[in-house]
Amino acid sequence: MSLTQADARTSPGAAAHPARHGARLALRGVRLGHRGNAVLDGVDLTVEPGEVLAVVGPSGCGKSTLLRTLAGLLPPLDGVVEQDGAPVRGPGADRALVFQDDALLPWRTVRANVELPLAVGRSRGPSGEERAPRPSRASGPDGDGQGGDGQGGDGQGGDGQSGDGQSGVPGRTGRSPVFDLSRAARRARRRTAAQWLEQVGLDGHAHKFPHQLSGGQRQRVQLARALAARPRAVLMDEPFGALDAQTRAEMQDLLVDVLAGTGATVVFVTHDVDEALFLGDRVALLGTAQVVPVPNPRDRGASYAGLRQQIINSL
Ligand SMILES: Nc1ncnc2c1ncn2[C@@H]1O[C@H](COP(=O)(O)OP(=O)(O)OP(=O)(O)O)[C@@H](O)[C@H]1O
């Protein structure tokens with residue numbers, strides 16, 4: 001199974017954001033599975049930067065296993081998993097995961113959930129010291145996502161109600177540069193989260209808790225959280241599988257919108273053939289070890305009777 005270079009016209013945001021490109025993900029001769037039991041063998045698959053690869057296949061064929069292997073959560077039983085030519089040896093902030101299951105932290109507000117990867121992804125210098133956050137760019141969510149990365153320590157409340165959460169940091173009367181940077185970073189995180197929540201149509205919901213949202217709204221929060229830290233790859237495991245048809249279509253459109261400009265590479269597992277044909281530049285059919293290109297990705301007007309049947313036959 002192999003993928004070749006994606007059509008540049010269909011790479012989401014590639015032209016709009018040439019400096020921030022997606023990761024190239026590759027599986028080379030990979031045998032993957034759980035506890036020594038292979039689910040798929042001899043997998044050779046390359047996902048090009050900025051490409052959306054939809055993955056379909058019969059239940060139990062290994063779609064989630066493939067995604068977890070790409071994420072670095074599951075080591076391959078054999079072969080090599082690479083990101084930009086370097087072996088993937090574990091999970092990384094560069095690769096965000098979005099699941100069907102509600103993976104939001106129920107005790108954190110919507111905004112605190114979106115801030116989470118920014119806080120976790122704090123940057124440290126070679127000797128472990130906190131580093132200054134990079135200056136934020138005011139050009140929208142994509143512009144300053146890293147601005148909030150510089151510092152963590154927002155506590156579990158995560159809503160700015162808690163302290164800086166950094167031991168040994170001087171108080172207000174004795175501010176050190178570290179303290180000031182931390183405050184700036186916290187503001188940047190909050191600003192980034194607010195921008196992403198606006199981007200996914202949830203401004204006004206920032207202070208709610210996940211249980212106060214609908215299923216579609218919770219998926220929007222997951223999307224905002226996944227993209228807030230500007231990952232170079234987004235790995236999505238049936239993210240819209242539990243939604244009704246109309247909400248699902250809205251989420252597909254939203255996904256296309258929010259990916260535009262990020263340049264992120266996307267691997268999108270789905271059971272829905274039409275979803276795969278709408279979102280994917282290509283569709284990987286795990287059941288038959290084929291990868292088929294989609295002529296007009298993300299075009300609601302496109303219809304592919306033959307291709308659709310080929311995919312259905314592979315399931
Ligand atoms: N944690 C695990 N430990 C052992 N075996 C597992 C584990 N997770 C999945 N498997 C097995 O690996 C195989 C592939 O599972 P996987 O979840 O990747 O399939 P899938 O294609 O995503 O299925 P579905 O479409 O039903 O979600 C199955 O036989 C499953 O039983």
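## Buried charges and a ligand site in a predicted model

R282 is buried, with a relative accessible area of 13% (buried means under 20%, exposed over 50% and partly exposed in between, with a 1.4 Å probe and protein chains only). The model is a predicted one, in which local features need pLDDT of at least 70 and side-chain atom pairs count only at pLDDT 80 or more, while totals for chains, interfaces and linings use all residues. Residues are numbered from 1 along each chain as its sequence is written, and side-chain values use heavy atoms, with hydrogens and water left out.

### Salt bridges

A salt bridge is taken as a side-chain nitrogen of Lys or Arg within 4 Å of a carboxyl oxygen of Asp or Glu, and by this rule the count is 11.

| Pair | Distance | Relative accessibility |
|---|---|---|
| E51 and R282 | 3.1 Å | E51 0%, R282 13% |
| E48 and R24 | 2.8 Å | E48 7%, R24 33% |
| R248 and D272 | 3.7 Å | R248 13%, D272 24% |

E51 counts as buried, whereas R24 and D272 each count as partly exposed. R248 lies in helix α6 (residues 245-259) and D272 in the loop between β8 (265-269) and α7 (273-279), 24 residues apart, so that their pair links distant parts of the chain; helices (H or I, at least four residues) and strands (E, at least two) are DSSP runs numbered from the N terminus. Salt bridges with shared partners also join D84, D94 and R232 into one network.

Q83, in strand β4 (residues 78-83), is buried at a relative accessible area of 10%. The side chain of Q83 makes polar contacts (pairs of N or O atoms within 3.5 Å; within protein, one must be able to donate a hydrogen and the other to accept it, and residues adjacent in sequence count only if both atoms are side-chain atoms) with the side chain of D94 at 3.0 Å and with that of R95 at 2.6 Å.

### The ligand site

Of the 13 residues around the ligand, S59, G60, K63, T65 and H271 come nearest, where near means having a heavy atom within 4 Å. Oxygen atoms of the ligand lie 2.5 Å from a side-chain N or O atom of T65, 2.8 Å from one in the side chain of H271, and 2.9 Å from a backbone N or O atom of S64. Helix α1 (residues 63-71) supplies the largest share of the shell, 3 residues.
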